[in-house]
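Work through the exercises below with the sequence and the model at hand. Each task is followed by a solution in steps.

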Amino acid sequence: MYDYSFLKWNEEPAAVTGDATYIAEFEKTLRKYTVSFVVDGVVHADEYEYGTLPEYHGDTAKTDNFDSYFLFDGWDKEITAVTSDIVYTAVF
């Protein structure tokens, strides 16, 4: 869920003269993952933070080459909160 980056020690390490305890301080940031939506062979990819619900804002029309009409029927899997890289493919 998070990535951690070391920031500093709670105090500056010093020459050893006895027992000492240093505590590391970290910065945490939500991980980001690539969510791809594939519509008629075209990939539309964006990054989303962990736990967010991705949305596709593009056109779901399928190119017709022979005066055919294709009706968008949804995605190949349920769209859920982001926990990893994922690909959703349009179903016609």
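Buried means under 20% relative accessible area, exposed over 50%, and partly exposed in between (1.4 Å probe, protein chains only). This is a predicted model, in which local features need pLDDT of at least 70, side-chain atom pairs count only at pLDDT 80 or more, and totals for chains, interfaces and linings use all residues. Residues are numbered from 1 along each chain as its sequence is written, and side-chain values use heavy atoms, with hydrogens and water left out.

**Exercise 1.** Classify Phe6 and Val82 as buried, partly exposed or exposed.

Step 1. Phe6 is found in strand S1; strands are DSSP runs (E, at least two residues), numbered from the N terminus.
Step 2. Phe6 has a relative accessible area of 44%, so Phe6 is partly exposed.
Step 3. Val82 lies in the loop between strand S5 (74-75) and S6.
Step 4. The relative accessible area of Val82 is 2%, so Val82 is buried.

**Exercise 2.** List what Val82 touches, not counting residues up to four places away in sequence.

Step 1. Contact means heavy atoms within 4.5 Å.
Step 2. On that basis Val82 touches Tyr33, Val35, Tyr48, Glu49, Tyr50, Gly51, Thr52 and Pro54.
Step 3. For Val35, the separation from Val82 is 47 residues in sequence and 8.0 Å in space, C-alpha to C-alpha.

**Exercise 3.** Which residues make up the largest nonpolar core?

Step 1. A nonpolar core is a set of buried Ala, Val, Leu, Ile, Met, Phe, Trp, Tyr and Cys residues joined through side-chain atoms within 4.5 Å.
Step 2. The 10 residues are Tyr33, Val35, Phe37, Val39, Tyr48, Tyr56, Trp75, Val82, Tyr88 and Ala90.
Step 3. Strands S3 (32-39) and S6 (86-91) each supply at least two residues of this core, and S3 gives the largest share, four residues.
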